[in-house]
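Good morning, and thank you for coming. Please look first at the structure on the screen, and I shall then describe how parts of it pack together.

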Amino acid sequence: PLTAVGEPNPPDAGGTRWQRLRWSDGSDKWASARFLAAVPPAVVSRVVAGAPLFVLRRIANGVWLHVRSLAHKEGYVRTNETQAVAASPERPPVAQVPRAESPFIFAIHDAHESSNGLSMYVLPNGTRRTGWAVFTEEVGNRPDPGRRHDEYARWADRGFGVVVRLNHGYGSTGTLPDPNDAAKTDGFIQACATWVQNSDNGCHIWIVGNEVNSPREWPGRAMITPAAYASVFNRVRAAIRQGAHANDVVCPAPIDPYNAQWGDARRYFVEMLRGINDLDGLILHAYTHTPEVSDITHTRTFANPPLLGQYFDFQVFRPLLDLVPARWRDVPVFVTETDILPFTAPDGSLAPPWSRNGERWVPAAYAEIQRWNAVPAAQQIHCLALFRWEMAFEDGITFSIRDKAHVRTGYVAAVGNEWRWRG
């Protein structure tokens, strides 16, 4: 294949228009435009029907459109497979929200009262800003009707949003039980419903499981396939949405967007959504692999299959939202984990998460979510949660921001802004 460089020249004295062409060896040559046929390149990225696209130009006499998605992905689509719509009007920042939600996009993962998590929301002048509290809970597969969950209500009473992730367990216990174990699966579903009912009005936003495409979240050696996960999610959602919680926001598990052990994480996401009957919100995770602020906005990608073309750092959330079916393009999105992953320090050692630069990285991350939300056609991200306040150990790595003064400095700087999601 040859690549056209620019547009054909104006007709010469003989009426011929000449097109500059670039060959695979990098050399340029010219050919008469009338002997050439404009065709789009191979698939460079995928979007689902209904995804907003911006037209950059028309080619091949208008048969094809050169377009860009909200994920900054450019490609070509047939004109007759698109529908022109008027530009979306600007959306105002939200002012009023239901109890146990926040208009602000700031959030902390597992910032419990007992460990002074509220301190992160106090500005230097003493003003208290609200945001979101994201919790992760192990519910197991044996419902406990006598166990109350009152902390959620206390956060909601203070004006905070509350999001709770319900896990069967952690590590090899599995974020879901073995899909082939009917008794444990039934128990887990009932345990989720009981946990929700025992939370009264402190929370109405629930996540079922975590990073289900990653083997480290699977029960033993039992794989959680997209179809198996969707089947369990459908049943959990139906069990939760009863009585006082009939209108709760029940969200499927996030995927690990950088994990290729199952295969292409994007394909897992699509297949999972295909098997889900209905949902009320979406959960994403996004990280960077170094503490450099530029990692938040750059669009470097994985160079090899199966993640070829997937963004390597924070921007990973954008192409996943390109894949959301049209019927769910208005549900809220919650990014419930973000952090600076372990990275190689200048001396060659492995630096732990949040080792440095939080004072710059954290405000830059929230600024990027604010920019996304400001685009009228963008599906709104209601929060970005720093992972995590309480100390936790995963695969021999310690995650905690409680003891990181530079992260607190960055978070307080970000919280000082009136950054809200839009209605």
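Let me begin with helix α7 (residues 358–374) and helix α8 (residues 405–415), which pack at an angle of about 35°, with their axes 7 Å apart. Helices here are DSSP runs of H or I with at least four residues, numbered from the N terminus; axes are lines fitted to C-alpha atoms over the stretch in contact, and angles run from 0 to 180 degrees between N-to-C directions.

A word on the source: this is a predicted model, in which local features need pLDDT of at least 70, side-chain atom pairs count only at pLDDT 80 or more, and totals for chains, interfaces and linings use all residues. Residues are numbered from 1 along each chain as its sequence is written, and side-chain values use heavy atoms, with hydrogens and water left out.

Leaving aside neighbours within four places in sequence, Tyr-411 is in contact with Phe-106, Met-120, Val-362 and Tyr-366, among others. Of the 109 residues in the largest nonpolar core, Tyr-229, Tyr-366 and Tyr-411 touch the most other members. Such a core is a set of buried Ala, Val, Leu, Ile, Met, Phe, Trp, Tyr and Cys residues joined through side-chain atoms within 4.5 Å, buried being under 20% relative accessible area with a 1.4 Å probe, protein chains only. Helix α7 gives the largest share of this core, eight residues.

Finally, helix α3 (residues 226–240) and helix α4 (residues 265–275) pack at about 40°, with axes 8 Å apart. Tyr-229 of α3 is one of the residues making that contact.

Terms used:
Helices (H or I, at least four residues) and strands (E, at least two) are DSSP runs, numbered from the N terminus. Contact means heavy atoms within 4.5 Å. Buried means under 20% relative accessible area, exposed over 50%, partly exposed in between (1.4 Å probe, protein chains only).
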